[in-house]
Amino acid sequence: MSAPVGPYSPWRRAGDLVVISGQLGLLPDHDAPTMVEGSAADQLRQALINARKVLLAGGATFDHVVKATLFLVDMGDFASCNEVWVEAFEPPRPTRSAVAVAQLPLGARAEVELWAYAPEG
């Protein structure tokens, strides 16, 4: 799991909820934040790999995710990102909002935020 690129926690637990900060398509094991090359879908694929690791640190998995927010710089990437989403999440997939934004950190084209319901036990 790479270090956050800002002054925030990668994840927080609130009772049975595990909430992770927005994840970008950053490549692990680089000295400086390095974005995966390619399309918004390529970046989302890597962001979801990163998100899986952050969720695990908080005691959750993709099966626990109940709510997601997808941020896109260009809504023209919506269809290709949906293809990545279907690869990553099994039915029943989490609820999701997709939001168009003017800009994302580090020049990213896609970012994902996840909320998981994962009772401690």
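Mentor: We'll go through the sheet, then the helices, then some single residues.

Trainee: What should I know before I start?
Mentor: This is a predicted model, where local features need pLDDT of at least 70, side-chain atom pairs count only at pLDDT 80 or more, and totals for chains, interfaces and linings use all residues. Residues are numbered from 1 along each chain as its sequence is written, and side-chain values use heavy atoms, with hydrogens and water left out.

Trainee: Okay, the sheet. What order do the strands come in?
Mentor: The order is β1-β2-β5-β3-β4, in an open sheet of five strands with mixed pairing. Strands here are DSSP runs (E, at least two residues), and helices are too (H or I, at least four residues), numbered from the N terminus. Two strands pair if DSSP finds at least two bridges between them.

Trainee: Which strands stand at the edges?
Mentor: β1 (11-14) and β4 (95-100). Each has a single partner strand, so one side of each is left without a neighbour in the sheet.

Trainee: And how much does the sheet twist?
Mentor: The twist averages 15 degrees from one strand to the next. Angles run from 0 to 180 degrees between N-to-C directions, and axes are lines fitted to C-alpha atoms, for helices over the stretch in contact.

Trainee: How many bridges join β1 to β2?
Mentor: Four, and the two strands run antiparallel. R12 stands opposite V19 in β2.

Trainee: What does V19 face in β5?
Mentor: W115. β2 (residues 17-23) and β5 (residues 110-117) are antiparallel, joined by five bridges.

Trainee: How many bridges link β3 and β5?
Mentor: Seven, again in the antiparallel sense, and β3 covers residues 65-72. F71 has E111 in β5 as its bridge partner.

Trainee: Switching to helices. How do α1 and α2 pack?
Mentor: Their axes are 8 Å apart, at an angle of about 30 degrees. That makes α1 roughly parallel to α2. The cut-offs are under 35 degrees for roughly parallel, over 145 for roughly antiparallel, 65 to 115 for roughly perpendicular, and oblique for the rest.

Trainee: Which residues make that contact?
Mentor: From α1, A40, A41, L44, R45, L48 and R52; from α2, S80, C81, V84, W85, E87 and A88. Contact means heavy atoms within 4.5 Å. The residues divide into eight nonpolar, one polar and three charged. Ala, Val, Leu, Ile, Met, Phe, Trp, Tyr, Cys and Pro count as nonpolar, Asp, Glu, Lys and Arg as charged, and the others, Gly among them, as polar.

Trainee: Now a residue in α1. Is Q43 buried or exposed?
Mentor: Q43 is buried, with a relative accessible area of 5%. Buried means under 20% relative accessible area, exposed over 50%, and partly exposed in between (1.4 Å probe, protein chains only). Q43 sits in α1, residues 40-57.

Trainee: What does Q43 touch?
Mentor: Leaving out residues up to four places away in sequence, Q43 touches G25, M35, V36, G38, A108, R109 and A110.

Trainee: And T69?
Mentor: T69 belongs to strand β3. T69 is buried too, at 11% relative accessible area. Beyond its neighbours within four places in sequence, T69 contacts S97, V99, E111, V112 and E113.

Trainee: Where is Y117?
Mentor: In strand β5. Y117 is partly exposed, with a relative accessible area of 44%. Not counting residues up to four places away in sequence, Y117 touches D16, L17, H64 and V66. The C-alpha atoms of Y117 and V19 are 8.8 Å apart, though 98 residues separate them along the chain.

Trainee: Which residues does the cis bond join?
Mentor: P91 and P92, with omega about -5 degrees. P92 lies in the loop between α2 and β4.

Trainee: What about phi of D29?
Mentor: Phi of D29 is positive, near 60 degrees. D29 is in the loop between β2 and α1, and D29 is exposed at 79% relative accessible area.

Trainee: And L106?
Mentor: L106 has a positive phi near 60 degrees. L106 lies in the loop between β4 and β5 and is partly exposed, at 47% relative accessibility.
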